[in-house]
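Open the model in your viewer and keep the selection panel at hand. We will go through it stop by stop.

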Protein chains: 2
Amino acid sequence: MSGESEFDRIARYFAPLAAGFPGALGLTDDAALLDPGAGCTLVVSTDAQVEGVHFLPAADPALVAAKILRCSVSDLAAMGAEPLAYTLATFWTADIDSAWLARFSQGLAHEQAALGIKLAGGDTVKTPGPLSFSVTVFGTIPIGQAIRRKGAEIGDLVAVTGTIGDAFLGLKLSRQPALAADWGLSGEEAAFLTERYWRPNPRLASMIALRGAVSAALDISDGLIADLGHIAATSGVGIVLQAGAVPLSSAAQKAVTRLSLADLLTGGDDYEIALTISPKKAAILDEAARASGVPITIVGRCVAGSGVRVYDGAGQALPLGQTGFRHF
Amino acid sequence: MSGESEFDRIARYFAPLAAGFPGALGLTDDAALLDPGAGCTLVVSTDAQVEGVHFLPAADPALVAAKILRCSVSDLAAMGAEPLAYTLATFWTADIDSAWLARFSQGLAHEQAALGIKLAGGDTVKTPGPLSFSVTVFGTIPIGQAIRRKGAEIGDLVAVTGTIGDAFLGLKLSRQPALAADWGLSGEEAAFLTERYWRPNPRLASMIALRGAVSAALDISDGLIADLGHIAATSGVGIVLQAGAVPLSSAAQKAVTRLSLADLLTGGDDYEIALTISPKKAAILDEAARASGVPITIVGRCVAGSGVRVYDGAGQALPLGQTGFRHF
């Protein structure tokens, strides 16, 4: 961008995002300072996203900002952490101009306020390749309370937050808006699904309420079945999923009549939480749902064995050709 | 790469780099756990690097590993921090194969051991663009002791660690090996300069020894003059640099006879430290140099005003056309 140096861009578009976070040192130093606070540990996660691979190209910069920040914060939610700060590495293409940057940084400001997180540092470089980002998010959690993928036990219930498959449908709609009519969706329903793709909701309040209660958890990015497979593999259990119990939004219920339920269970980008919990503690799920305003639905159970097996409402094994699915 | 999933790659090439760092959780979770320890704060820096922009293309993967990790750790050195861990976001191109990954991860293992740092997490994604990386490094420092760019005062001495300009020459030699003969360099001298480009030495020991003594510091990445300009601007002082006092390696002394000294002062990629210190504390520079085995040389002084002015050995203002240079 002609005439505007990296320093100008940082000062104009990014330094305001660090305001109110003293450890960012105004983005003028070599590094930032982070303090988890007494009795807490820092939870750290790094994500990389590439235009055309991880998000649709030529999108509204504010939506790009929402997607990259919310997907990263979702990793904090999965561990039960509270957001603190993030660093952002941006690989700019030549066509990024002031208008794009202004809209992108406004988007970040909006999401920061919603998520309770501040910019702590980063780097901006030029690339001849696609627009790309790496976000490193920092959260805090009392020492010893981080929720891991490992820990599910035979007999544990399997549950998910929110609804599954909306983002998969929203991605399809973002690519082909005409599908809304095919699926019999109202404009509002189509907008709801598209929003679910671009602005996932990290389930922070749900998981903070579930600290110390759940045996394992992760956020669903690869698809519900594939991600349950990760819990199964890391914990050394098998998982039986009742497909009919998987919660769908009303918009997804309409769309799924024209698609396969398997698409929604393997589609990815949900950024809901899949978790396991002892049946003895099941009441805590209701409390967490009430406290956070986000439903939590029991969808299966941990069993002896390995991998994920999926049954439909009639008790028949659901045939799934996806790579995420593994047989017992 | 055919047949090897992201999970396989992480398990094979990256999980061993996290061994011995419990907070990495074996790279199987959504996030890592970092604890700065009692009385310490976490120092965090994020860097982005693109092949063909920040490092030469088609290079030995072990050298790429060295360059990206060492440049990032240099930011920790600049603040006076001790390395703890790092996360790595990698944007792989289609031509990255097992042999490349094996050599790259061996390189990281080698550098980790040299720098005292472990892999804590990250992400690997595919890109149609150039091979790119983002490294986020974590260090620890006693609360309140981080060394900043801000803090230089009028009358302070300006000093640098090591020697300046080697990496600039090493980059030229990497591109055009025939220059070694033009510059009258032995094979050893040429190799020394090339190594200085690819494997910068974060001045960790020097800066840990100087905690509490220096008034400002940064690592020299943009070029000595440009980076002194950053200290000057952030601290609200001017800096007078005596070009004749700038320490050059014997190889650089040979090469500079065919080049301009200004090239070395503006070339960048040094990853030495530029610092300011009260004249009353100058003796500590000698102690730190002895303790670390790395010379520290006084090259200038902070004055009233702003920007950087450069004088040659005869006391004449050195004309410099570089963007990094700002007049008073």
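The tour below starts inside one chain and then moves to the contact between chains.

**Before you click.** This is a predicted model: local features need pLDDT of at least 70, side-chain atom pairs count only at pLDDT 80 or more, and totals for chains, interfaces and linings use all residues. Residues are numbered from 1 along each chain as its sequence is written, while chains are lettered from A and ligands numbered from 1 in the order in which they are written.

**Stop 1: the domains of chain A.** Select 6-142 of chain A; this is domain 1. The C-alpha centres of the two domains lie 26 Å apart.

**Stop 2: where the domains touch.** Here 16 residues of domain 1 of chain A are in contact with 17 residues of domain 2 of chain A. In contact means that the C-beta atoms, placed from the backbone, lie within 7 Å. Now select helix H2 (61-79) and strand E3 (82-92) of chain A: each gives two or more residues to the domain 1 side. H2(A) has the largest share, eleven residues. Helices (H or I, at least four residues) and strands (E, at least two) are DSSP runs, numbered from the N terminus. By class, this side of domain 1 has ten nonpolar, two polar and four charged residues. Nonpolar covers Ala, Val, Leu, Ile, Met, Phe, Trp, Tyr, Cys and Pro; charged covers Asp, Glu, Lys and Arg; the others, Gly among them, are polar.

**Stop 3: chain B against chain A.** Show both chains. 46 residues of chain B are in contact with 46 residues of chain A. Several elements of chain B supply at least two residues each, including strand E2 (40-50), helix H2 (61-79) and strand E7 (214-219). Which element gives the most to this side of chain B? Select E2(B), with nine residues. The side of chain B that touches chain A has 22 nonpolar, 14 polar and ten charged residues.

Stop 4: Zoom in on Leu34(A), which stands opposite Leu42(B).

**Stop 5: the axis.** The same surface serves both copies, as 100% of the contact residues of chain B recur in chain A.

Methods: Domain bounds come from an automatic or database domain assignment. Two residues are in contact if their C-beta atoms, placed from the backbone, lie within 7 Å. Two strands pair if DSSP finds at least two bridges between them.
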